[in-house]
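I opened the notebook to record what I looked up in this structure. The entries follow in the order in which I made them.

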Amino acid sequence: MTDIGPMSIQEKPDQPWVTLGSDIFHYKDKSYLIVVDYYSKYFEVHELKNLSVECTTELFKSIFSR
């Protein structure tokens with residue numbers, strides 16, 4: 001495994017939904033997508049039906065449309 005070094009420190013954005021973090025994690029045999037707004041620290045967690053690009057993209061579209 002390659003060492004990627006320390007995590008970089010992000011400056012707080014000026015507005016909500018400008019800088020986001022996202023990840024996919026697994027809990028109790030299910031997969032979830034988490035999206036975090038760096039400005040407000042607001043987050044959404046959604047279960048993924050599967051790990052396909054199509055499923056993940058549709059979930060991101062749903063989050064961003066709100």
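**Entry: Asp 37**

I began with Asp 37, which counts as buried at 0% relative accessibility. Buried means under 20% relative accessible area, exposed over 50% and partly exposed in between, with a 1.4 Å probe and protein chains only.

I noted what I was working from: this is a predicted model, in which local features need pLDDT of at least 70 and side-chain atom pairs count only at pLDDT 80 or more, while totals for chains, interfaces and linings use all residues. Residues are numbered from 1 along each chain as its sequence is written, and side-chain values use heavy atoms, with hydrogens and water left out.

I placed Asp 37 in strand β2. Strands here are DSSP runs of E with at least two residues, helices are runs of H or I with at least four, and both are numbered from the N terminus.

Which residues is Asp 37 in contact with, leaving aside its neighbours within four places in sequence? I listed Pro 16, Trp 17, Val 18, Thr 19, Leu 20 and Tyr 42. Contact means heavy atoms within 4.5 Å.

I then looked at Trp 17, whose backbone nitrogen is reached by the side chain of Asp 37 at 2.9 Å.

I also checked Ser 22, which is 15 residues from Asp 37 in sequence. From C-alpha to C-alpha, Asp 37 and Ser 22 are 9.0 Å apart in space.

**Entry: the loop between β1 and β2**

I went on to the loop between β1 (20–27) and β2 (30–37), where I found Lys 28. Asp 29 lies in that loop too.

What is the phi of Lys 28? I read a positive value of about 50°, although Lys 28 is not a glycine. For Asp 29 I read a phi near 65°, again positive in a residue other than glycine. I looked these up because most residues other than glycine have a negative phi.

**Entry: the whole protein**

I turned last to the whole chain. Its secondary structure comes to one helix and three strands, and the elements run β-β-β-α from the N terminus on.

How many of the 66 residues count as buried? I wrote down 20%.

Of the contacts with a separation of 6 or more, 26% are between residues 24 or more positions apart.

The protein exposes about 5,700 Å², by the Shrake-Rupley method with a 1.4 Å probe. Carbon and sulfur atoms supply 55% of that area.

Conventions
A polar contact is a pair of N or O atoms within 3.5 Å; within protein, one must be able to donate a hydrogen and the other to accept it, and residues adjacent in sequence count only if both atoms are side-chain atoms.
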